[in-house]
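Please open your viewer and get ready to select residues by number. We will go from stop to stop, with a short note at each one.

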Amino acid sequence: MVGEKDLEAALDKVRANAAGPVAGVFGPDTVTWQIDREAVNFLGAGRALLLQLSHPWVAAAIAEHSTTFADPIGRFHRTFDIVFAMVFGSLDRALLSSRQLHRRHGMIVGQMPETVGPFAAGSRYYANDIPSLRWVHATLVDTALIAHDLVLPPLSAEERERYWADSRTFGALFGLRADELPADWSGFAAYTAAMVQSDTLTVSAAAREIATQIFTGARPWLRPPRWYRALTARMLPERLRAGFGFELDEGDARSADNALRWIRRVYPRLPERLRYVGPYQEAQARLRGELRPDWMTRCLNRAWIGRPQMDVRGGRSAGPSSAPSSSG
């Protein structure tokens, strides 16, 4: 388990190695900013969620504690708000988000309603359990790179190592120690491959129900388009795709291929103002000394995080002079 003292010890190291109070944990020269600024990473959002649901503890926690069904847009905004604040926020904002996430996870405790894979019915799950956090962290890291490489030139081997070094720092914001994560990219790839083959990832009835509601549920206006569903299914390991019951016919494959062709042709030509996510553009404005992002960045932020400005909480700036808030 990651306790509060464990998290604070990890955050002390993050603070000591951060780019700066204004630049935040990573800063503009890192591969993490290069990757995470790309709006095209949204292509992998469905994959990351399904990989997380493949862990029975995560699926049970979402089924019993999440508002995914009642408020899917709100969950989307809260998730990206936390992740983007960790990556693109000021240092104080990133650390605040880390503590908020830990507090939320601390309230997510329950019992498995049925035996799934190695997890027995009645056994307790904890959102701050280290192996579970390690897997959720891995799904975000791995999927961001896969989505990036689907459309943009793949990273070099050296860039991948730098990206993984950043990702270990990102893991510290979850409270994960350095010795709880692989030392290099090849170790990370071996870990994800082993997890995919292990029965630790077993698609439960709860996971299938959540996936069905999200991808083919009763709200047509929220349902992802056919090409996105097909692309998401195709990015999953075959064993897990079968577990979720996804079947791809020729029409599905054609839909995904046509969409990818169009995206690969158009996306690299988009102006940066449309191509890069709002929180990245806000971070760049902060580095220029601007106290408030412009109207277009505020609009983009509303789409990505549900509010106009990332580094504001309760009407105050979350910059270097602000004390961390206890709000969740």
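**Before you start**

This is a predicted model, in which local features need pLDDT of at least 70 and side-chain atom pairs count only at pLDDT 80 or more, while totals for chains, interfaces and linings use all residues. Residues are numbered from 1 along each chain as its sequence is written, and side-chain values use heavy atoms, with hydrogens and water left out.

**Stop 1: colour by confidence**

Colour the chain by pLDDT, the predictor's confidence in each residue, from 0 to 100. The mean for the protein chain is 91, and 91% of its residues reach 70 or more. Now select residues 313-328, where the pLDDT is below 50; beyond near neighbours in sequence, this stretch has 29 contacts in the model (contact means heavy atoms within 4.5 Å). Where pLDDT is low, the predicted coordinates should not be read in detail.

**Stop 2: charged pairs**

Side chains of opposite charge can pair when their charged atoms come close. A salt bridge here is a side-chain nitrogen of Lys or Arg within 4 Å of a carboxyl oxygen of Asp or Glu. By this rule there are 16 salt bridges.

Select Asp 12 and Arg 15 to begin: their closest N and O atoms are 3.0 Å apart in a salt bridge. Both sit in helix α1 (residues 4-17), three residues apart, which puts about one helical turn between them. Helices (H or I, at least four residues) are DSSP runs, numbered from the N terminus. Asp 12 is partly exposed, at 43% relative accessible area, and Arg 15 is partly exposed too, at 36%. For these labels, buried means under 20% relative accessible area, exposed over 50%, and partly exposed in between (1.4 Å probe, protein chains only).

Next, show Arg 177 and Asp 179, which form a salt bridge at 3.0 Å, N to O. Asp 179 is exposed, at 62%, whereas Arg 177 is partly exposed, at 46%.

Then move to Arg 273 and Asp 294, joined by a salt bridge at 2.7 Å, N to O. Arg 273 belongs to helix α14 (residues 272-275) and Asp 294 to the loop between α15 (278-287) and α16 (295-305), so this pair ties together parts that are 21 residues apart in sequence. Arg 273 is partly exposed at 29%, and Asp 294 is partly exposed at 34%.

**Stop 3**

Is His 137 buried or exposed? It is buried, with a relative accessible area of 1%. Find His 137 in helix α7 (residues 130-151). Leaving aside neighbours within four places in sequence, His 137 has contacts that include Trp 164, Phe 170, Phe 174 and Leu 181.

Now select Leu 201, in the loop between α9 (185-197) and α10 (205-216). Leu 201 is buried, at 0% relative accessibility. Its contacts, not counting residues up to four places away in sequence, include His 55, Trp 135 and Leu 240. Leu 201 and Leu 240 are 39 residues apart in sequence, and their C-alpha atoms are 8.1 Å apart in space.

**Stop 4: helix α16**

Which residues of α16 are buried? They are Met 296, Thr 297, Arg 298, Leu 300, Asn 301, Trp 304 and Ile 305. Show α5 (72-88), α14 and α15 as well, as they are among what covers these buried residues. After α16 comes Gly 306, with a positive phi near 80°.

**Stop 5: a pocket**

Select Ala 10, Lys 13, Val 14, Arg 168 and Ala 172: of the 17 residues lining the second largest pocket, these lie nearest its centre. On a 1 Å grid over the protein atoms alone, a pocket is an open set of points with protein on both sides within 12 Å along at least five of seven lines, and lining residues have an atom within 4 Å of a point. The volume of this second largest pocket is about 330 Å³, a volume being the space filled by probe spheres set on the points, which are joined across faces, edges and corners. Helix α1 gives the most to this lining, with six residues.

Notes: Helices (H or I, at least four residues) and strands (E, at least two) are DSSP runs, numbered from the N terminus. On a 1 Å grid over the protein atoms alone, a cavity is a set of points where a 1.4 Å probe fits but cannot get out, and a pocket is an open set with protein on both sides within 12 Å along at least five of seven lines; lining residues have an atom within 4 Å of a point.
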